[in-house]
Number of protein chains: 2
Amino acid sequence: MKFIQEWTAAQYNPETKTASDFFKANVPGNIQYDYAVSHGYGDFQYSDNVKRFKEIEDYWWIYKTKLDYTANAGESLWFVSGGIDYIFDIALDGRIIYSYEGMFSPVEIDITESAYKGCELSVIIHPHPKREGAGDCRDQADQSCKPPFCYGWDWNPRLLISGIWRDTYLETRDSSYINSCEPFYTLNEERTSADVKFVTDCLQTVTYTVKDAEGNVVYHGTDPEFTIDNINLWWCNGQGNPYLYSYTAETSGHSVNGRIGFRTVKLVMNTGATAEPKDFPKSRYPAPITIELNGRRIFAQGSNWVNPELFTGMVTEERYSELLTAVKEANMNILRIWGGSGINKPAFYNLCDELGIMVWQEFMLSCNNYIGTQKYLSVLKSEAVSVIRQLRRHPSIVLWCGGNELFNEWSGMTEQSHALRLLNKLCYEEDFERPFLYTSPLFGMAHGGYFFRSTHEDLQDVFQIMNSAKNTAYSEFGVPSIAPVEQLKKIIPESELFPVTDTAAWIEHHGFASWEEDSWVFPSTLEHYFGKPGSLEEMVNNSALLQEMGYKAIFEEARKQWPYCSMAINWCFDEPWITAAGNSLISYPNIKKSGYYAVRDSLKPVLASARIPRFDWNPGDVFSAQLWLLNSSAGSVCDTITAVIEINGKEYEQISWKTGDVEPRTNKLGPTVNFSVPECKSDTVMTLKLKTSGDAACNSYKLKVYASGQKRNEKKLNG
Amino acid sequence: MKFIQEWTAAQYNPETKTASDFFKANVPGNIQYDYAVSHGYGDFQYSDNVKRFKEIEDYWWIYKTKLDYTANAGESLWFVSGGIDYIFDIALDGRIIYSYEGMFSPVEIDITESAYKGCELSVIIHPHPKREGAGDCRDQADQSCKPPFCYGWDWNPRLLISGIWRDTYLETRDSSYINSCEPFYTLNEERTSADVKFVTDCLQTVTYTVKDAEGNVVYHGTDPEFTIDNINLWWCNGQGNPYLYSYTAETSGHSVNGRIGFRTVKLVMNTGATAEPKDFPKSRYPAPITIELNGRRIFAQGSNWVNPELFTGMVTEERYSELLTAVKEANMNILRIWGGSGINKPAFYNLCDELGIMVWQEFMLSCNNYIGTQKYLSVLKSEAVSVIRQLRRHPSIVLWCGGNELFNEWSGMTEQSHALRLLNKLCYEEDFERPFLYTSPLFGMAHGGYFFRSTHEDLQDVFQIMNSAKNTAYSEFGVPSIAPVEQLKKIIPESELFPVTDTAAWIEHHGFASWEEDSWVFPSTLEHYFGKPGSLEEMVNNSALLQEMGYKAIFEEARKQWPYCSMAINWCFDEPWITAAGNSLISYPNIKKSGYYAVRDSLKPVLASARIPRFDWNPGDVFSAQLWLLNSSAGSVCDTITAVIEINGKEYEQISWKTGDVEPRTNKLGPTVNFSVPECKSDTVMTLKLKTSGDAACNSYKLKVYASGQKRNEKKLNG
């Protein structure tokens, strides 16, 4: 039996070992939130209020609860927690009975002997790890396994959190208790039959029941090893059904249940990449990054996931569910869980299993050089083993990765880094079949850019950059937009709303100076295309258009580069609070930006698409665009695609292309539209519309045309 | 006490378990050699005689010896072998007592109970591993840990070998026997003092004595853990003294001894490589490949080592010694022991320790896709752990590497390959501090080319190719030459010596069709520069000149690219038999080619050098060459370098450059020589001489000039 406790908490004095002024604590949750509520911090979303949390950054904390029962004969009493953030001690009546560093390892302590009715159980939380000598930024986390996002990032304010963040309870157990139970399986070569093996730790005989998704019993018995024939495979979104079997393992007094998704996954060489490089002196070929699911090469299209709340302890299954449903509805099949925000709660992975969303799971390393001291490696080993064992049963998880951008200038790690070699070893030992990457990007893959138009000398826009890029995977890229006006009103004081400038509220919410001076509002880019903005609404709408078109440019071009390119994963899907501007598709908590819908449409499995040379045009230019039929579906398709250009209120029909049959997971290049941009009295929009009548989804692109005689993009065109 | 046995051997019939016609067997050695001698195979170096070995390729073999003593009371009797090649059983009076697959693991079997005076000890050798379905080439070795060289390579004939290849004896042991004893150490941060720890397995108390290189005792006692202060560090050739301490571990009846070289080694990021790549979409930076020895970044200059005998079991310490002395005398500081030829005998590593030759040691994988079946991984694990434990005490070994060219088209492995992930894991566990590479080349590094002049469309020569290359390490590159005439006469029937054509003897000795049609003689390249050859001697001399100049081009350009580039390691140093033509610097067994001396001179620590744009010139061309002072020494240097050009019997003094002081391990770019090539009545040689008077070694380059009006290189110049 489980017993949920009520908890209170307070600041703790480690010298006197005392605390006072206790307040109500949410478990699971984060102590900083509870403290803020009880101390009247007010709305931390508003203006720069979030800075108030700085004053409690180095506090010690204590949680406490009173036990009001004892174990019966033959029963033991356990304190169980899914995870406590980050360095902590557990005490009974002030006597420490357990200490640990790390937030991702479950805690299970037998307290039968020491607990009694009325005794006090407490959890002491140490201050956040901060590496000596590091400034107030993510560097402070480079000797710990605490995900660094909360030390401040270009979309997350500095807000250091800790506390009892996962489900926590007391539990009585007897000899019927199933201590652990995990299913493993091996598929035959044809993937039609599965040898299942349950590894179970229990004193009693355990009975296993496995049912298919329709509820039919496919196995019932006490033998933990058996074969299931005629299996249904688990597929990702867009390729088939994410089929799940359910199981129950049962004794006289206890049962556990779970699900099994049968599938194989490998990372294989990208098509065409094996023959590279061509000339001597000859280096290696790119790293393999094509996902082969059940023997089928998949184009991975999706997004980078960030923590959906600043207070990650307070994330609920409902929050996960609404966001993951939006992921699926956007025709995505993969999420990259980057190292900066660590590991999600269990509900997240269950939902990904159900929805057919593949998960690229990183360990808790990001943008730092995590030096392999014995102390650090020992915590990393303990945490990583816990994480692997918790998650390896999920069919949705398709690869492990050491962390984010570790082989780049701002990190400084290499394949010689002991931390990464350790993670390779642990994944090999604990999860032999699942692919493992040291980091992203590896050779051939790419991250960035994070803008619509480069601010470097070349001043190219995303269409130009992507059309000349050749990478095996785009595992991060972003195009920012300003938050919707109604969202801005919740976070920016009315007087600062317009004109948009770098006030404290805009800065704190990442509108300015979050990465480059201008990011993420990028007013100079907006002004370049659209001139001085007349209102906040106009500015927000223009910014939204650039995000729409920018994401269309990248996602659709990456799809066209298939099969050499096998991934397009934008930065980022969600956000943990309302940012003033940023690359996310969702504004906190679940407001879909127009960019979200543009991406959803660009990711339709069968799509009419055009290769657009650039975004802005002058009258007299010849606008040329290749037509494509993109087919990432598992079926053969066919359509007639008609290209129409609308400008100055007129439609010009350009071409009608009969695609013929296009094979499954194959794209087809069609003819090129050539169109002389007509004279325009004022700045306007030129829309290329692709109309369809068969299998393909239609499509359209809104492009900028300057008034005759302006040529505002001339420098770029000559560049 | 050790007892060396006499052995005989014979072909073995595994079905009847019988053998007859026994012949004398060399132990250590290779059974195929003994069989050939006893069966009158004749000189296998001559013509294509080596093909005779094909007929015995799939034989089973048996070695046998009679024991003529038994153990005394308190003694045990052991069969000990350093290694047996490759799958074998050990039997006493026909009863199998031990079976193993793998040639790099020592065998130690206690036979006290079963052995008696007069009993027969036998070793049954199974046929060579050949993966089912593979053709008669290295592919056959892709599921075994047998080094693939002997399956046939572009310099090694197909000659499959096996047998008792390492020192093998019987030994009596008592309770005083030291089963194992291995020193480990940790240096303090300043590398001035070492905490030494012996890990010893022995029933008795062991006394340790450590002496410095001068014979002074620096420790004597029974405590296996102690500190040595004021240590001398081990340095590689050219950077300091390869200082070695010696130790003895002793009991009442047994002693073992060995040496310790104190040093630290890391692989660090190449200078300038950390900031790459510059633009978005951005991939990773190159892999680190700069050796940092005792905190000092080293330019690694050396060669690739291949097995010095076809019959590797017969390699002697003397053979190692003469070749390794030549390595040191060539100013080299590193040897790459590529995966194709596996692991050398112990004497090799002892000599490298003594001579200050750094060793890049690969595991036994090369140019194949070693699929990670459970069977293969299990053999690989056992063999790799043995190898690591045997070799990790050597200061000369600076890095482990999974194998050769595994991330290239002809292999097909990736960082997902379980074999490589396993090796990474084992090196982490067994040898934490030593760097580990998955393979060579990694991203940024390069292999090739292997010619003086490209046979591709661009037709560039090595000067042109190297001057425009930008790599972090050139870990393989080759320029072939034809063997010296007196060597050719030993292997090619007189009637086939000239004109040089692709007869069986030339082909078998790798003069033709060994890699490309023309390799390694490359007659078309020779004819391009020198016209139709008039004699064998002329052809050999011209070929030698191209090898000299080609290796100068590559080694000196790689040195100029320091510190971005940190390695130049040519393919290859030695050869296992007399090849008709090839990239080695040494003709078998120890005949130094003229290319050897050219390389030796190009690797002098302080050297006057020029960046030569290309090898061949026309009258009227402006020959331009940058002058450089190359300083890889640990000291500051200074010189005045005078450039003189000699052509048509005249000397033209071009320039005199006062270099000023040049810092340790730093190069300096000087002025550029510009010289109008004069008219020439016939083809001639233009020599650029760099004369020195200070710290630097002088240098010279012989370049080709065509007779006026010929322009034989025109196509290339326009290319």
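A: A word on domains first: their bounds come from an automatic or database domain assignment. The model is predicted.

Start with chain A. Four domains divide this chain: domain 1 (2-173), domain 2 (178-265), domain 3 (269-602) and domain 4 (606-718). Taken over C-alpha atoms, the centres of domain 1 and domain 2 of chain A are 36 Å apart.

Now the contact between the chains. Chain A gives 38 residues to the contact, and chain B gives 38 residues. On the chain A side, the elements giving two or more residues are helix 5 (418-430), strand 29 (445-450) and strand 30 (473-478). That side of chain A holds 21 nonpolar, 11 polar and six charged residues.

Next comes the helix, in chain B. Helix 11 of chain B covers residues 594-602. Its buried residues are G595(B), Y596(B), A598(B), V599(B) and S602(B). These residues lie on the same side of helix 11 of chain B, because they cover an arc of only 165° around the axis. They pack against strand 31 (481-482), helix 10 (536-560), strand 34 (586-587) and strand 35 (591-592) of chain B.

Last, follow some strands of chain B. Strand 39 (residues 640-647) and strand 42 (residues 684-691) of chain B run antiparallel, joined by five bridges. Here E646(B) has T687(B) as its bridge partner. Strand 42 of chain B also pairs with strand 43 (residues 699-705) of chain B, in the antiparallel sense, over seven bridges. There T687(B) stands opposite K702(B).

Notes
Residues are numbered from 1 along each chain as its sequence is written. Chains are lettered from A and ligands numbered from 1 in the order in which they are written. This is a predicted model: local features need pLDDT of at least 70, side-chain atom pairs count only at pLDDT 80 or more; totals for chains, interfaces and linings use all residues. Two strands pair if DSSP finds at least two bridges between them. Helices (H or I, at least four residues) and strands (E, at least two) are DSSP runs, numbered from the N terminus. Two residues are in contact if their C-beta atoms, placed from the backbone, lie within 7 Å. Ala, Val, Leu, Ile, Met, Phe, Trp, Tyr, Cys and Pro count as nonpolar, Asp, Glu, Lys and Arg as charged, and the others, Gly among them, as polar. A residue is buried if 20 or more other C-beta atoms lie within 10 Å of its own, exposed if 12 or fewer, and partly exposed in between; C-beta atoms are placed from the backbone. The arc is that of the directions from the helix axis to the C-beta atoms.
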